[in-house]
Amino acid sequence: MVDEHALLLPDGSPAPEVALEEMNQVHAEELARVRQLLQVLEDNRPAQEQARAWLEHTRFHFDNEKGLMAEAGFPPLPIHVAEHDQIWLQMEQQVGDYCQHQQGSKLAGWIRQVWVPWFVQHVNSMDRVTAQFVQQQRVQRK
Ligand SMILES: [Fe+2]
């Protein structure tokens, strides 16, 4: 079983944290699904179920952040959403390709080489600023 509360990248190093606990929690769940998927792929077992669970969680993750931004009136919302849309298209394509051809090492390689660096970069920029903004709005509204 993978720990759904640990903010850990697939290589075991800590993932970046942001100022909003609920965002960190969703990120921990996202990373748990990625670690689980990689485990199955790298064991050469069928991973369609884990791959679909990952996509499903990512949809929830991105929609949740969009909701937080809309609620707080975060002006760069479209820029943040555009970054999500761009990686989402690639994720759908990679998972779709895997489901068709079952090339586990190809999907695992893409996750490690493209998705993980994307995630770290995205959390350190867009998510960090979003979390700070949402947090400040909440404090001001109290
Ligand atoms: Fe984000």
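Helices (H or I, at least four residues) and strands (E, at least two) are DSSP runs, numbered from the N terminus. The model is predicted: local features need pLDDT of at least 70 and side-chain atom pairs count only at pLDDT 80 or more, while totals for chains, interfaces and linings use all residues. Residues are numbered from 1 along each chain as its sequence is written.

**Helix α3**
- Helix α3 covers residues 77-101. It has 25 residues and reaches 36 Å from its first C-alpha to its last, close to the 36 Å expected at 1.5 Å a residue; the expected span is 1.5 Å times one less than the number of residues.
- His80, Met91, Val95 and Tyr98 of α3 are buried. A residue is buried if 20 or more other C-beta atoms lie within 10 Å of its own, exposed if 12 or fewer, and partly exposed in between, with C-beta atoms placed from the backbone.
- These buried residues pack against α2 (48-72) and α4. Residues are in contact if their C-beta atoms, placed from the backbone, lie within 7 Å.

**Packing of α3 with α4**
- The axes of α3 and α4 (residues 104-141) come within 11 Å and cross at roughly 165 degrees, which makes α3 roughly antiparallel to α4. Axes are lines fitted to C-alpha atoms, for helices over the stretch in contact, and angles run from 0 to 180 degrees between N-to-C directions. Angles over 145 degrees count as roughly antiparallel.
- From α3, His80, Glu83, Ile87, Gln94 and Tyr98 meet Leu107, Trp110, Trp118, His122, Met126 and Thr130 of α4.

**Packing of α2 with α3**
- The axes of α2 and α3 come within 11 Å and cross at roughly 170 degrees, so α2 is roughly antiparallel to α3.
- Residues making this contact include Leu55, Phe62 and Met69 of α2, and Trp88, Met91 and Val95 of α3.

**Positive phi angles in loops**
- Asn44 has a positive phi of about 60 degrees although it is not a glycine. Asn44 lies in the loop between α1 (21-42) and α2, and is exposed, with 10 other C-beta atoms within 10 Å.
- Gln102, also not a glycine, has a positive phi near 50 degrees. Gln102 lies in the loop between α3 and α4, and is partly exposed, with 14 other C-beta atoms within 10 Å.

Terms used
Angles under 35 degrees count as roughly parallel, over 145 as roughly antiparallel, 65 to 115 as roughly perpendicular and the rest as oblique. Two residues are in contact if their C-beta atoms, placed from the backbone, lie within 7 Å.
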